[in-house]
Amino acid sequence: MSAADEVLDVVDRDDRVVGQAPRGEVYARGLIHRCVFVLARDAEDRIFVHRRTASKLVFPSHYDMFVGGVVGAGESYAQAALREAEEELGVRGLPRPEPLFTFLYEGPGGAWWSAVHEVRCGLPVAPQVSEVDWHAFLTREELDRRIGDGEWPWVPDGLEAYRRLRARPVSRQ
């Protein structure tokens, strides 16, 4: 089954399920669906940053400071966050990602409910080659510098999630 054939829950502006459709149709028709974003930190508190592959349906070859993806039909945000983090980082046995907040992203690429999580990954990563072209763990300062210099194209939904995360009054950002 291709990624475009994966069935997703279609939701309304209040994040209530109103139907289901294949991912390709969801994107083509601009239907609201659910996604997870997981900020992965290593033992040194650095953030996993990667460049998406050119074959991605949305934002190909863009950089992202989150791993994650769409929530499958009938799947919870928590289930999707752990599944996506383990798949994209290429690890097994991660602790369950901690949910931080949700928001409705509306911008380039469409609209989707976004559940932001965080996880500590002390395991050696082996990112999924079908998802990740390049990766590194960056300090928050290095990440902020890369975002600010404008040289790397960033996924707009990830930038919005990161902006909201940085605006939260938590001591570890």
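Predicted model: local features only at pLDDT ≥ 70, side-chain atom pairs only at ≥ 80, totals over all residues.

Colleague: Which residues touch the most other members of the largest nonpolar core?

Modeller: A nonpolar core is a set of buried Ala, Val, Leu, Ile, Met, Phe, Trp, Tyr and Cys residues joined through side-chain atoms within 4.5 Å. Buried means under 20% relative accessible area, exposed over 50%, and partly exposed in between (1.4 Å probe, protein chains only). The largest core here has 30 residues, and Phe37, Val49, Met65, Phe66, Val116, Leu143 and Trp154 touch the most other members. Among the elements that give two or more residues to this core are strand 3 (33-41), strand 7 (98-107) and helix 4 (156-167); such elements are DSSP runs numbered from the N terminus, helices being H or I of at least four residues and strands E of at least two. Strand 7 gives the most, with four residues. A second, separate core of 23 residues includes Val36, Leu82, Val119 and Phe137.

Colleague: How many salt bridges does a search of the whole structure find?

Modeller: Side chains of opposite charge can pair when their charged atoms come close. A salt bridge is a side-chain nitrogen of Lys or Arg within 4 Å of a carboxyl oxygen of Asp or Glu. The search finds 20. In one of them, lysine 56 pairs with glutamate 131, the closest N and O atoms being 2.4 Å apart. This pair links distant parts of the chain, 75 residues apart, and both residues are buried.

Colleague: Where do glutamate 160 and arginine 163 lie?

Modeller: An α-helix has 3.6 residues a turn, so residues three or four places apart point the same way. Glutamate 160 and arginine 163 are both in helix 4, three residues apart, about one turn of the helix. Their salt bridge has its closest N and O atoms 2.7 Å apart.

Colleague: Which residues of helix 2 are buried?

Modeller: Among them are Tyr77, Ala80, Leu82 and Leu89. Just after helix 2, glycine 90 takes a positive phi of about 70°.

How values were computed:
Residues numbered from 1 in each chain as written. Heavy atoms only, no water.
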